Amino acid sequence: MRPSAGPTGHGQLARCRTANALSVIRRSDVNMAVWRRRLPAGISGQCAQLAEQDWPSFQLATTADEVTADLAAALPSRWNAGPLFDDIVHLVTVYADIVGCPAVRLRLDSLSGNGCRFFHVDYVGLRLLCTYRGAGTQWLPNGAVTRSALGRGDNDAVLSDPRRVQALRVGHVALLKGESWPGNRERGLVHRSPPADPAGARRLLLCLDHDDH
């Protein structure tokens with residue numbers, strides 16, 4: 001597994017075939033690592049069994065050792081077993097091992113609106129994103145970004161060529177370096193939420209952060 005062809009240095013993408021390969025994100029010349037997997041079997045069906053308004057949305061602080069119990073306590077009883085539950089537990093374990101920090105902040109969002117519709121960077125160390133239902137997060141190659149325009153609420157100023165917009169797919173597991181990762185100031189991965197579904201369909205998104213590097 002190698003980083004993809006593209007701009008050298010920071011802002012480079014690494015495409016991964018396994019969960020363990022995501023550790024390539026620790027390299028200084030990789031700003032985003034994506035495990036391009038298919039959505040695990042059963043998750044789509046599990047989501048379809050319940051109306052979207054009943055999808056869970058919560059946040060909690062946990063660790064790899066405690067996530068099974070913490071997640072069971074946070075999820076509605078109809079969700080605290082099955083493929084979605086198992087996958088979240090697995091990703092927390094993978095993530096905690098890569099960042100080397102036991103404390104993990106977990107957020108599961110059921111979203112119907114535009115979310116963070118402006119391109120931005122996160123002031124975190126390393127963030128994991130995985131979309132279980134709906135459109136995936138959009139992101140920009142480093143060479144396509146005008147960083148001086150970030151924070152103004154003007155996507156056109158940040159991105160001169162809309163054809164450069166990239167998007168994650170459902171099931172993909174992405175690690176994004178933020179502004180607080182050591183040595184990554186002014187190099188955080190630029191991204192945004194995808195536009196809301198015209199029909200009002202919800203997205204189900206997992207986000208993991210950590211408290212230390």
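Predicted model: local features only at pLDDT ≥ 70, side-chain atom pairs only at ≥ 80, totals over all residues.
1. Start with helix α3, which runs over residues 83-99.

2. How much of α3 is buried? The count is 12 of the 17 residues, so the helix is largely enclosed by the rest of the structure. Among the buried ones are L84, F85, I88, V89, L91 and V92, and the list also includes D87 and Y95. An α-helix has 3.6 residues a turn, so residues three or four places apart point the same way. Just past the end of α3, have a look at G100, which has a positive phi of about 70 degrees.

3. Next, go to R192, in strand β9 (residues 191-192). Is R192 buried or exposed? Its relative accessibility is 17%, and since buried means under 20%, R192 counts as buried.

4. From R192 to F119 is 73 residues along the sequence, yet their C-alpha atoms are 4.8 Å apart. Setting aside neighbours within four places in sequence, the contacts of R192 include C116, F118, F119, H120, T137 and N155.

5. F118, F119 and N155 turn up again in the lining of the largest cavity. There is 1 cavity of 30 Å³ or more, and the largest has a volume of about 30 Å³. Its lining also takes in A149, L150, G151, R152, G153, D154 and V158. By class, that lining has 5 nonpolar, 3 polar and 2 charged residues.

6. Of its 17 lining residues, R107, C116, R127, S193 and L205 are the closest to its centre. Strands β4 (104-111), β5 (126-133), β9 and β10 (203-210) each give two or more residues to the lining, which has 6 nonpolar, 5 polar and 6 charged residues.

7. The second largest pocket has a volume of about 170 Å³. Which elements each supply at least two residues of its lining? They are β1 (13-16) and β7 (166-167). Around this pocket you will find L13, R15, V34, R36, W139, Q166, A167, L168, R169 and H172, which divide into 5 nonpolar, 2 polar and 3 charged.

Conventions. Residues numbered from 1 in each chain as written. Heavy atoms only, no water. 1 Å grid on protein atoms, 1.4 Å probe; cavity = no way out; pocket = protein on both sides within 12 Å on 5 of 7 lines; lining within 4 Å. Points joined across faces, edges and corners; volume = space filled by probe spheres on them. Nonpolar A, V, L, I, M, F, W, Y, C, P; charged D, E, K, R; others polar. Helix = DSSP H or I, 4+ residues; strand = E, 2+ residues; numbered from the N terminus. Expected span 1.5 Å × (residues − 1). Buried < 20%, exposed > 50% of the residue type's maximum accessible area, 1.4 Å probe, protein only. Contact = heavy atoms within 4.5 Å.
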